[in-house]
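Hello,

Here is the structure I said I would pass on. My notes follow below it.

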Amino acid sequence: MRQITLIISMFFCSAFLFAQQDVSGKVTDSEGLPILGVNVIEKGTTNGTATDFDGKYSLSVEAGATLVFSYLGFTTVEEVVNGRSTINVKLSEGEELDQIVLVGSRTAPRSNADTPLPVDVLSSKELVSTGQPTFDKALQYRIPSFNTVQTPVNDATSLLDPYEIRNMGPSRTLILINGKRKNLSALLYTQTSPGRGETGADISAIPTDAIERVEILRDGASAQYGSDAIAGVMNIILKDDINKGSATLRTGMTSEGDGEMIGLAVNNGTAIGEDKGFINYTIDFSKVNLANRPGTVNAEGEIADFTGGTAADVAAVNEFLGRNPDANNINGSPETTSSKFLINGEYDLSNNTQMYFNAAYVYKKVNSFANYRTPYWRTVSDFPYLADFFPGENPLNAGGYDGYVPTFEGLLNDYNGTVGIKTVINDWNVDLSYTTGGNTQTYRVNQSHNRNEVFSPSTWVDANSNGIVDAGELTEGSQLYRENSQQSFDPGGTRFTHNVGNIDISRVLSDKVSIGFGAEFRNETFEVIEGELASYDGGGADSFAGNAPQNSGKFDRFNIGGYFSIDYDVSDAFLLSGTVRTENYSDFGNTFVYKISSRLKLNDNLTARASVSSGFRAPTLHQIYTQKAQYSFIPGQGIQVGGLINNVSTQAKLLGIPELDAETSNNFTIGIGGKFDNGIAFTVDYYNIAVKDRIVLGSEIGASGDPTNPLDILLAQNNLSDVSFFSNAIDTRTSGIDVVLSKRNIALGNGDLDLNLSGNYTIQNERDGAVKDIPLVANSGQSVVNATQEALFFTSRPQTKWILGANYDINKWGFSLNNTYFGKTTFKQQGMSTDLRTEFTPKIVTDLAINYNATEKLTISLNINNLLNVLPEWGFKAENAAGQALIDDTSITATGLTPIQNQSNLITFNQRYSQMTYDGYHFSQLGTMLNLSLNYRF
């Protein structure tokens, strides 16, 4: 009998222990407002749910269960059920908003302390505090591994400055807006300057006032996001406030009194319906005037390059430069006008389904200039009609002809938009979206001419039947230029568009495991817009040749990809993450990549992390299909016309140039981070990136000297000085260290002081193995990657860069002092002696910001960027004893200059670009900039 009683007792105890009960409740924030989407998980199981629009939940759990309540940006709460049927929970804000990262994970967002990947997070306040006029320039002075600078020559590149993370070029950083891919720019950089051969998204077009925060993943992420993410990912999170609108008036100028800037930006939001959603919008107008920084042109160099050296030639050069020491050259920061519009919104379709959307449109107009054509460069003896085209006040020339400066006017239109739906279906988070975007750049050349004589008398038509063939009667293909040339040209332009469809599905299976998977379809179109006949015919407009019909057209491709990702919390301290991805491109086939990352919490304060991954980057359509004639500076020869041949052309087949293939990469990152109660936080990360078959735009290949060589025939038939082309020419390896250190909330008097130090040091950035030259180039004793190109790829950005900042807030005042250390950069300019190199001296640029909260709504801000007016400086360095002898040689050569002065003239276009050389520099040449802004909060 006692045995039966014992069995019955055990049965009822077990039934009690494993009985299921229903639990419901409401989750609110610290102000009592309901929170939608809070994860409610029965600890140790896969059983869970999420709160609805009213913050309510219900769940059937075991009687002795523990519920885990977690939500992005709030502290996680655990509650033991203990027989309760109603459990209401209040979540308090835990992690600061700018410490929550969405980028880098395809499962669930994590805090910056928890992520297994190195991520920089910048708030809108930090970006605005730089006082920089555009988003990309603000990043330059906030992120050590991010670099951008205006190119020395402002033609098409004046519309968009190249940028890069970890010295890997803009093509290898993927840009996202609210987690969705941003379209590329239509521009392909072809100048011999940093970024050569690359393209990237136009981040300067994004209005800073529309940005809530920026997340920069400093790690390869091709497995998560696809092509272009070899160096990292930048995710731009847009504002979603409806109660924090403001208007900002900005104005400023350089200490030289030029580069005047004025801008007006408005950001505001409004609710949709009865708290069903929101729309946040931004409008930004700005105008920046020209800032000109030409050098003093060297007469001896001009005489040697452009004249025969006669007494009359010398007199002509000296007379002109006596009146115009800078040869009327205009180089610096171009005149820019822009209008930017952006909206971001969300609408609740039901308790667990939201529609979201964002859209942006940018209009930008840039006026810049080609190198001034001096009267001894383009002479009236060679072109007599120039005296009528460009009359001046030169006493030595007919009509007072004094030269001319062709203008380059660029017009940019950029748009992007996303619409999507997020919902929860049986605890699966589903995100379905469509993204479209495009970038169009068209150009105009004025104050120029077509100096080539193109005519075919047999095709002339005497339309008036008067026995005289007028210039206006010439048919296409029989135009007579020179004195009949127009002075304004439409050279065409380029356009890029894409359409992207995404489906992303994720689920938290338990408090230890979460998974994500999805697919992406993307269609891309690149168009080369044909220029008018006179802009390209016979060499085209002087300074910028237009797109010829045979080089124009519309080209497209599509790709489809899919990924699977899993996060496994092995323990509370140890996290493992893995992602695999496969993609198929219509133009080069399949690829498969992976990523494995981990995080180990060593204790409550220290976290170690590491990742290893493979990646890929498909050649852009720009790189595959661009073909054109281009005006370029050739040392000692001035401006010459070279050709860029695309890899699918008949010319490429004739020369044996292979078609482009995708780059592949292997990335490794390991780091440690810490966050302490005393306000000190730090991260240190080592990275190593190996790229195989890196796509480069090679150096200019000149004639071999053999008139029967296909290369020489091609150059002669097209009146070109050289040709260049893209190829998978090199393997590279880049490694370095990123450091971030900060201490917050230091009590100082009646205020609080924050200190921060961040830096990047490049350990290795170099070619790995021999250059893969095609036989035709190798047999001519040339290479597509010469010393000039290697310097542009590997050493043209600072070897190290550090930012030391202090922010002090006291009462109504705020002070910010930032010091940015730009390490040395090294160039090997074309035409310079191989025994020399040029190095830009390390410099520290100091920025000061002062904010005054005049009222609760009005803030006045003064920014003095480059407070001490520090300018780039460079000098020659010897590669060997012969180089040192060249530097030390004070003898006078036939040009009337020392050997080293001749070398300087070669790489600065006779000192036109004396401050930064013709290839580039490491920070702005404009000096001190003063900016004043008024911000009024609605």
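Please keep in mind that this is a predicted model. I start with the surface. Phenylalanine 592 is exposed, at a relative accessible area of 56%, and is found in strand 30. This residue belongs to a nonpolar surface patch of about 820 Å², whose other members include Phe517, Phe564, Tyr594 and Phe668. Two or more residues of the patch come from each of strand 28 (553-569), strand 30 (589-601) and strand 34 (663-675). Strand 30 gives the most, with three residues.

Next, the charged pairs. The structure holds 47 salt bridges. One of them joins the side chains of aspartate 202 and lysine 364 (3.9 Å, N to O). Aspartate 202 lies in the loop between strand 14 and strand 15, and lysine 364 in strand 23, so the pair ties together parts that are 162 residues apart in sequence. Aspartate 202 is buried, with a relative accessible area of 0%, and lysine 364 is buried at 7%.

Arginine 218 and aspartate 738 also meet in a salt bridge (2.8 Å, N to O). This pair links distant parts of the chain, 520 residues apart: arginine 218 is in the loop between strand 15 and helix 4, aspartate 738 in strand 36. Arginine 218 counts as buried at 2% relative accessible area, as does aspartate 738 at 3%.

A further salt bridge connects arginine 373 with aspartate 542 (3.4 Å, N to O), and both residues are buried.

Finally, Glu520, Arg522, Glu524, Arg557 and Asp587 are linked in a network of salt bridges.

Regards

Definitions and conventions
Residues numbered from 1 in each chain as written. Predicted model: local features only at pLDDT ≥ 70, side-chain atom pairs only at ≥ 80, totals over all residues. Heavy atoms only, no water. Patch = residues over 30% accessible without salt bridge, like charges linked within 9 Å, V, L, I, M, F, W, Y side chains within 5 Å. Areas by Shrake-Rupley, 256 points an atom, 1.4 Å probe, with all protein chains shown as cover. Salt bridge = Lys/Arg side-chain N within 4 Å of Asp/Glu carboxyl O. Helix = DSSP H or I, 4+ residues; strand = E, 2+ residues; numbered from the N terminus. Buried < 20%, exposed > 50% of the residue type's maximum accessible area, 1.4 Å probe, protein only.
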